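Please walk through the fold of this protein, from its overall layout to its core and to individual residues.

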Amino acid sequence: MARKDFSIQAILKRLVDTPAKCKKCGKTALQGKLNLHHQDGDSSNNDWTNIVIYCDGCHNDKHDTIPKHRDEPRSH
Ligand SMILES: [Zn+2]
């Protein structure tokens, strides 16, 4: 049983202890919607070391996927 299981409650508690803000641009929850990004792409791996906080914009950036909002102009 080597796998570490961090409950979502533990993560939320951590977020309360440390003011949540986007790792990339520093945006806080008051300035934009924050997302929990799973670094290894496994959304069930809730180990704290696997989770990084990004705002919506930086999170989309990180995943570099097809834009969900077609009305957002692309700059290239
Ligand atoms: Zn950001």
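Residues are numbered from 1 along each chain as its sequence is written. The average pLDDT (the predictor's confidence in each residue, from 0 to 100) is 79 for the protein, and 71% of the residues score at least 70. Confidence is lowest in helix 1 (residues 8–17), with a mean of 72, and highest in strand 2, with 91. Where pLDDT is low, the predicted coordinates should not be read in detail.

The protein has two helices and two strands; these are DSSP runs, with helices being H or I of at least four residues and strands E of at least two, numbered from the N terminus. Along the sequence their pattern is α-β-β-α. Two residues are in contact if their C-beta atoms, placed from the backbone, lie within 7 Å. Of the contacts with a separation of 6 or more, 48% are between residues 24 or more positions apart.

Of the 76 residues, 9% are buried. A residue is buried if 20 or more other C-beta atoms lie within 10 Å of its own, exposed if 12 or fewer, and partly exposed in between, with C-beta atoms placed from the backbone. A nonpolar core is a set of buried Ala, Val, Leu, Ile, Met, Phe, Trp, Tyr and Cys residues joined through C-beta atoms within 7 Å. The largest such core has six residues: Cys-22, Leu-34, Ile-53, Tyr-54, Cys-55 and Cys-58. Strand 2 (residues 51–55) contributes the most to this core, three residues. Leaving aside residues up to four places away in sequence, Cys-58 touches Cys-22, Lys-24 and Cys-25.

Val-52 also lies in strand 2. Val-52 counts as partly exposed because 17 other C-beta atoms lie within 10 Å. Beyond residues up to four places away in sequence, Val-52 touches Lys-23, His-37 and Gln-39. Its C-alpha atom is 9.6 Å from that of Lys-21, 31 residues apart along the chain.

His-37 belongs to strand 1 (residues 34–38). With 19 C-beta neighbours inside 10 Å, His-37 is therefore partly exposed. Under the exclusion of residues up to four places away in sequence, His-37 touches Ile-51, Val-52, Tyr-54, His-59 and Lys-62. The C-alpha atoms of His-37 and Cys-58, 21 residues apart along the chain, are separated by 9.9 Å.

Key
This is a predicted model: local features need pLDDT of at least 70, side-chain atom pairs count only at pLDDT 80 or more; totals for chains, interfaces and linings use all residues.
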